[in-house]
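Open the model in your viewer and keep the selection tool at hand.

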Amino acid sequence: VEFNREVEEDGIKTLKHNKRILFQRMAPYPQRKVITFNRYTDDFAFNINYGDLSFLSQEDLSVFGSLNLTTVKLSGVGDSFQKHADAESKGIKAHFNMDESGVFLLDRVESVFETIVEEKEEESTLTKLGNTISTLFGGGSSEPTTNVTEPVQEEEEVLPESAKENKEGQKAKDKETKDDFGRNTNEEKSQEKSEDTTSKTETPEEKGGEKSENAENEKKAKPQVKRTKISEDVTMELLINDVVDPTVDDILSSKKKLQDLTDRDLAKQEREKVLNSLEAFIFETQEKLYQEDHQHVVTEEEQEQILTKLREASDWMDEEGYTATTKELREKLSHLKSLCKDMFFRVEERRKWPELLTTLDNMLNTSAFFLRSAKLIPEDDHIFTEVELNMLEKVINETTIWKNETVAEQEKRSPRERPILLSRDIESKLVLLEREMNYLLNKAKFAKPKPKPKAKNETSPNAGNKANATAEEKVIPSTDESENPKT
């Protein structure tokens, strides 16, 4: 903190430049500091500047820009002194803060005054009673002690003045101390003693140790001094010089720089991803070529061709791969994948066949049993139309024929050829069959039973037999679960 103050020496007024260190170099933060200006009674200004930067080079200093961070102009100081003319001034206090991020802030500036109020302290009832009892029992009256006001100690962060100016009526001397945070403080200690006159009657025989019984103590009210602080905020105007608002071009340039850094990071991540994928594909494919399920679907020539390309790619990785561009790495990986595509396809199809064919057989058996059961329902209770049942029967027959013919044809083909039994075809047949079954099952689930005609009362003894015969006719005869010989 730097400021100029008018000093008068030998009747000549001059401006004295003052400089105080606020935060030392490498000082820890967060921490707070308070500086007291006790020589001003009117508006003034002070500067907040960088400290000693001699340890930096000129190139480093050019980054700082203005070494004057902020100019603080204070207004309202003189008004506060006029407002509190009867009070004792404790100076203008500026509160500074270095927050958790190391950002420097000026919190507030305030004028501080102190007033002295005298209060009379009345003697308590218990004290009066105690003094009376001691007098009655011959103890006499002890001389009351003089009332002394406790010293008031105030710790402030006051800048020491190099030139001492003696003023009339000054009662305290400035001493530099340190508080708990290692900050420079000025302790102003004032002690006022008010002594009460004590009147006491003594007898001529007091030298011999005897006191008169008529002696009395006259106790008066004891005045007590109470100090009250008054603070009033001072208006401050900040002229910030260290950080200038950026122009539109500066903002656009900064955004472009940030975007360039982001793009570079993304490009680096993408290259590392492709590089890792290429390395993993080479090692994994080399191992798979010696596995039984892969050897079963490739010829010796095809296997040797793939191994040769993988070795060449591995050698290229060791020599040029780590300096290659992302595009080159991606092209190398795409070429190897296309070379092994047919082999992987044949292996994958043969892995899917068992589960899919089992699911298709179960669906065909269930659908055929459902169709036979639906056809045996009596006409009066029918809930399915003939068209719906015929459609289900058609899908079952077509699926069964396709499965038997395709499986038989696939068994004739070599495992090293492209298969004609494809997993996607089996899945499409399952979807078609399942759709027809779900349609009929949902219709049966929500179908309402048809109302039956009421039976007429008959006296014929054969009525019961006819009813039994009718019931027996409606019983669905048991059938085989499937006509499929495998089932």
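A residue is called buried under 20% relative accessible area, exposed over 50%, and partly exposed in between. The model is a predicted one.

Start by selecting Arg-108, which has a relative accessible area of 37% and is therefore partly exposed. Glu-110 is buried, with a relative accessible area of 10%.

Next select Lys-90 and Glu-114. Their closest N and O atoms lie 3.8 Å apart, in a salt bridge. Lys-90 sits in strand β6 (residues 88-98) and Glu-114 in strand β7 (residues 104-121), so the pair, 24 residues apart, links distant parts of the chain. Both residues, Lys-90 and Glu-114, are buried. The structure holds 15 salt bridges.

Now go to Arg-330 and Glu-270, whose side chains form a salt bridge of 3.0 Å, N to O. This pair joins helix α7, with Arg-330, to helix α4 (residues 248-288), with Glu-270, across 60 residues. Arg-330 is partly exposed at 39% relative accessible area, and Glu-270 is partly exposed at 34%.

Finally, select helix α6 (residues 300-319) and helix α7 (residues 326-375). Their axes come within 11 Å and cross at roughly 160°, so α6 and α7 are roughly antiparallel. The crossing is left-handed. Residues in the contact include Ile-306, Leu-310 and Trp-316 of α6, and Leu-336, Leu-339 and Met-343 of α7. The contact residues divide into 10 nonpolar, two polar and four charged.

Note on methods. Residues numbered from 1 in each chain as written. Predicted model: local features only at pLDDT ≥ 70, side-chain atom pairs only at ≥ 80, totals over all residues. Heavy atoms only, no water. Axes fitted to C-alpha atoms, helices over the stretch in contact; angles between N-to-C directions. Helix = DSSP H or I, 4+ residues; strand = E, 2+ residues; numbered from the N terminus. Parallel < 35°, antiparallel > 145°, perpendicular 65-115°, else oblique. Left-handed = near helix turned anticlockwise from the far one by under 90°. Contact = heavy atoms within 4.5 Å. Nonpolar A, V, L, I, M, F, W, Y, C, P; charged D, E, K, R; others polar. Salt bridge = Lys/Arg side-chain N within 4 Å of Asp/Glu carboxyl O. Buried < 20%, exposed > 50% of the residue type's maximum accessible area, 1.4 Å probe, protein only.
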